Amino acid sequence: MRATISLLLLFLSASSWADTGEQLLQQRCASCHDLQGPAASTLEDLWQRKGPDLFYAGVKYRPQWLRQWLQKPRRIRPAGYLYFQHIKPGEKHDVIDASTLSEHMALSADEARKVTEALMTRKAAPVQVKGDEFGGGSISITFGEMVFDKFNGCMACHEIEPGYGGLSGPEVYTAAKRMQSAYLVSFIRDPQAWNPKTPMPNKHTSELNIQKIVRYFHALAKENWDEK
Amino acid sequence: MKNELTVFLLVFAVLLPGIGLAASAEDNYKTYCWQCHGMQGNGMGVNVRDMSVQPRDHTSAKAMRSRSDDDLFKVIKHGGLAIDKSVLMPPWDATFTDQEIHELVAYLRELCRCR
């Protein structure tokens, strides 16, 4: 009888433990995402990674977006996390090899809430991010596009609207919905401080331009791209 | 003899981590340059669809011969604007060491089979 009760208690404690966001993270996310850090310091290490590092998710993502996206994930990087693993020569130019891309798993509403809460506690940022990095303000999409594309050439690698722009990097028309503004400013200022081997170069653009680019992301994020 | 072997192994052990950190030019080219210059180095990368300026074809001896090694070093390190070319070519000074850039220049010379 005592043994039966012990087994029952063990089962109950194990199942409640399995229900925590932290446990879900370890079970469902850890095989593709680094939850502990540090970021890759060699190409060999980078090439092994299947998705973005999450050990500083709490200073990078917006929790509301994260919770929704985890329930209904859609591709943010047209050519996958590491573009060079998902392309092939095409008729005119290299093209995305869709057969090598896999879909991100979807979580239930309850799982997404727990995982988001667990992710938001992860704040082991390699760079100290000040809350007031982004000074706010607005910019027109037309002028923002000039700063982003014409003055800095960022559109070479990023889509600024669905189906328009570069394919190797993540889309930027949802960037402000997905990520915290202070992180965006800090990452654009020094991408290698966050991820030494990131395919994103440091453009050494001015602080003023960085602010304008993040304002541009906010302007883009206000558009309803699903209806366009 | 035993002492010499120990010294050799110690020196090797000290140097090995440093050797491991330096990426080969081919690996760097694949990770950072393919996106615009293409898997075959022909300027037809996955990003070219909406680019306003066509990336340089690194396999073209004619086009590449017009650039000195110094120009190539400068354009990789400081970006297209450093040699009055397109802003679409970014500076890679925060990504590569000078040694890696020199090795990339040598790799480009292999791709174009030109000096």
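What share of the 228 residues in chain A is buried? Buried residues make up 49% of them, where buried means under 20% relative accessible area, exposed over 50% and partly exposed in between (1.4 Å probe, protein chains only). The model is predicted: local features need pLDDT of at least 70, side-chain atom pairs count only at pLDDT 80 or more, and totals for chains, interfaces and linings use all residues. Residues are numbered from 1 along each chain as its sequence is written, chains are lettered from A in the order in which they are written, and side-chain values use heavy atoms, without hydrogens and water.

**Chain A**
- Chain A has 11 helices and four strands, taken as DSSP runs (helices H or I, at least four residues; strands E, at least two) numbered from the N terminus.
- Of the contacts (heavy atoms within 4.5 Å) in chain A between residues at least 6 apart in sequence, 65% join residues at least 24 apart.

**Interface of chains A and B**
- In this interface, 39 residues of chain A are in contact with 30 residues of chain B.
- M39(B), V46(B) and R49(B) supply 21% of the area that chain B buries against chain A, more than any other three residues; buried area is the accessible area (1.4 Å probe) that two parts lose on being put together, summed over both.
- The rule finds one salt bridge across the interface, a salt bridge being a side-chain nitrogen of Lys or Arg within 4 Å of a carboxyl oxygen of Asp or Glu.
- E159(A) forms a salt bridge with R49(B), with the closest N and O atoms 3.2 Å apart.

**Helix α7 of chain A**
- M146(A) lies in helix α7 (residues 141-151).
- M146(A) counts as partly exposed because its relative accessibility is 35%.
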